[in-house]
Amino acid sequence: MKTVKVYGPGCKRCETAEAMVRNAAAKLGVAVDVEKVTDPKSIAMAGVMSTPGISVDGKLVHAGGLPDAARLETWLVD
């Protein structure tokens, strides 16, 4: 099971990023545990300078804007 964290204050883009993660995981048949991180201090400590940010298994893979769907899928299967 992959652990995915979506970092952001709860804005529309952050909600969309979370939905993209869940949809990609369902499409690929990958089990994911998705956690939303909204605490500003936790976001900064994770190294996210622009939201939304996404980490997979503890590695920050994206920050700022919505991720490309194809790249998101590669993060979930790697």
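**Exercise 1.** In this predicted model, find which residue S55 stands opposite in β4, and then describe how β3 and β4 are arranged.

*Solution.* Widening the view to the whole strands, β3 and β4, the latter covering residues 59–63, pair in the antiparallel sense, and 4 bridges join them. Finally, look at the connection, where 2 residues lie between β3 and β4 in a hairpin, and where D57 in the turn has a positive phi of about 50°.

**Exercise 2.** Determine which residues of the largest nonpolar core touch the most other members, and which element gives the largest share of this core.

*Solution.* The core has 13 residues, and those touching the most other members are V4, V21, I54 and L72. Two or more residues come from each of β1 (2–7), α1 (12–28), β3 (53–56) and α3 (69–77). Among these elements, α1 gives the largest share, with 5 residues.

**Exercise 3.** Locate A31 in the chain, and decide whether A31 is buried, partly exposed or exposed.

*Solution.* A31 lies in the loop that runs between α1 and β2 (32–37). Its relative accessible area is 41%, and because this value falls between the cut-offs of 20% and 50%, A31 is partly exposed. Setting aside neighbours within four places in sequence, A31 is in contact with M1 and K2. For K2, which is 29 residues away along the chain, the C-alpha separation from A31 is 6.4 Å.

Key
Residues numbered from 1 in each chain as written. Predicted model: local features only at pLDDT ≥ 70, side-chain atom pairs only at ≥ 80, totals over all residues. Heavy atoms only, no water. Core = buried A, V, L, I, M, F, W, Y, C linked by side-chain atoms within 4.5 Å. Buried < 20%, exposed > 50% of the residue type's maximum accessible area, 1.4 Å probe, protein only. Pairing = 2+ DSSP bridges. Contact = heavy atoms within 4.5 Å.
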